[in-house]
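Please read these notes with the sequence and the model open beside you.

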Amino acid sequence: MKKLIIFSFASLFLISACNPLDEDPKAFISSTNFYKTTEDADAAVIAIHNAINSSTHTLYNRLIQIATEMATDDYEAGPRARNAHVRALSNLTHDASNDRMIELWRQSYDGINRANVAIDNIAKNPNLNSQKDKDLINEAKFLRALLYFNLVRWFGDVPLVLHETTVLTSEAINVSNTPEADVYTQIENDLIDAEALPVVQANKGRVTAGAAKSILAKVYLTEKKWQKAAEKSKEIIDSKVYDLFENYADVFNVASKNGKEHIFSAQFKGLTNWNGNMLASTAAPTSVPGIAGDQADALHKEGGLFEAFAEDDKRKYITFAVEFVSPTDGKTYKVTPHFNKYYDPSTPASPGQSSKNTPIIRFAEVLLIYAEAVNEQNGGPTTEAYAAVDRVRTRAGIPLLATTSPGLSQDAFREAVFEERRKELVYEYQRWFDLARRGPDYFVAKLKAAGKTNAQPKHVHFPIPQRELDLNPNLKQVPAWR
């Protein structure tokens, strides 16, 4: 953040130094003279969206996938993953110098800064007071809340910055850690404001009331506010605005993107209009015969993720592929299981230009949030909790939990829901968060069972990047990483 601010002020100084001091720099646009129309405000909010998935390694274009899947029991770096920082994450030998930690922190605060600039400048302009302008403020608040929600789960006490930084005083740029509870309170407040957004947006990539309610339900779940999580997720279910696709594959198909199950997604070849989904470029072999593609490194060994799916689970061979048709000779080749959910056969020559979206929150997860929250609040599952899980299982074509496992204890039902989340939401940036929120003992046990013997209680958080600690004397490292 400091680097970005200094760059901005340095640029302003250079502009002034190269021109007479009394000249009005016609080409310079600052935040104070940009926000003139609703179109300007809209462009500023689009810029926040752009921050999370605008290029190859931005937050929702592979970067989070590395952070939230690599350091879990479902994925490990194979021999072709030569980057030392990626391998360290997989082996749980990463530390505060890891460049992925630096990028998670930097890009998250870049997006937050864009949101703060938009919120402050739209709000203070008396000419920007239409309903559309108010919606834009609330959309920016939703995106800020989403970014802080990720940060607080990764790093714990993080600096809470809610306004545009306009001066270079030590107090302004050396922001201290904010207690987790206060960060969560702000996240809740932003999402509650965002609930005032339209139920349906003309542009399908934009934030809706349903997106705000869904992420808020997930925040409550993470905070163990079980009743609020149950009530908010039930509100979404009862609204009838969303439903499951009949075919699991339609969740990821280009033709059905932004459909009835999608509540909020990272948009590719859509809202930001140019960038492709890079997960598609590593989702399948790009040359056959032979094995290629990073996703071959997933844990497919005995007891691993691929084997966890029942053979008749319809999600198994949508999530994974075991054979591919060669674009060269047209022959079908058997391969080791490869992640297939985002693979786009329509762009075989340039798979990184896929327009497949990546779900950030979808209706299936809301059903699972409701089931989990009701189980915790009630001290055990209810008929409604079973029914919510079984809507997901029905689509998967597997036996109903209410039929195969009636009368489960609270602990057993909790574990059943987590296993359902694992299979339903594979590589949708959920697994690490799910393991971490269950606490250090659960996290360590799951990773050690998968052969990751370096797992320690401290790994339920990532270390704050050393670079940030060096730049900001008021910033303190996560206690377990000191």
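1. Leu92 is buried, its relative accessible area being 4%. Buried means under 20% relative accessible area, exposed over 50%, and partly exposed in between (1.4 Å probe, protein chains only). Leu92 sits in the loop between helix 5 (84-91) and helix 6 (99-124). Its phi is near 60°, a positive value in a residue other than glycine. Helices (H or I, at least four residues) and strands (E, at least two) are DSSP runs, numbered from the N terminus.

2. The model is predicted: local features need pLDDT of at least 70, side-chain atom pairs count only at pLDDT 80 or more, and totals for chains, interfaces and linings use all residues. Residues are numbered from 1 along each chain as its sequence is written, and side-chain values use heavy atoms, with hydrogens and water left out.

3. The chain has 20 helices and 4 strands. Of its 482 residues, 57% count as buried.

4. Asn258 also calls for a look at the backbone: its phi is positive, about 60°, although it is not a glycine. Asn258 belongs to the loop between helix 11 (226-239) and strand 1.

5. Why is strand 1 (residues 262-266) described as largely enclosed by the rest of the structure? Because 5 of its 5 residues are buried. Strand 1 pairs with strand 4 (residues 358-362) in the antiparallel sense, over 4 bridges; two strands pair if DSSP finds at least two bridges between them. Ser265 has Pro359 of strand 4 as its bridge partner.

6. The axes of helix 10 (residues 209-222) and helix 14 (residues 363-378) come within 10 Å and cross at roughly 35°. Here axes are lines fitted to C-alpha atoms, for helices over the stretch in contact, and angles run from 0 to 180 degrees between N-to-C directions. Helix 10 contributes Ser214, Ala217, Lys218 and Leu221 to the contact, and helix 14 contributes Glu365, Val366, Ile369, Glu372 and Ala373. Contact means heavy atoms within 4.5 Å.

7. Helix 3 (residues 38-53) has 16 residues and spans 23 Å from its first C-alpha to its last, close to the 22 Å expected at 1.5 Å a residue. The expected span is 1.5 Å times one less than the number of residues. Among the buried residues of helix 3 are Ala44, Ile48 and Ile52.

8. Asp390 is in helix 15 (residues 383-396). Asp390 is buried, with a relative accessible area of 6%. Apart from neighbours within four places in sequence, Asp390 is in contact with Leu400, Leu401 and Ala402.
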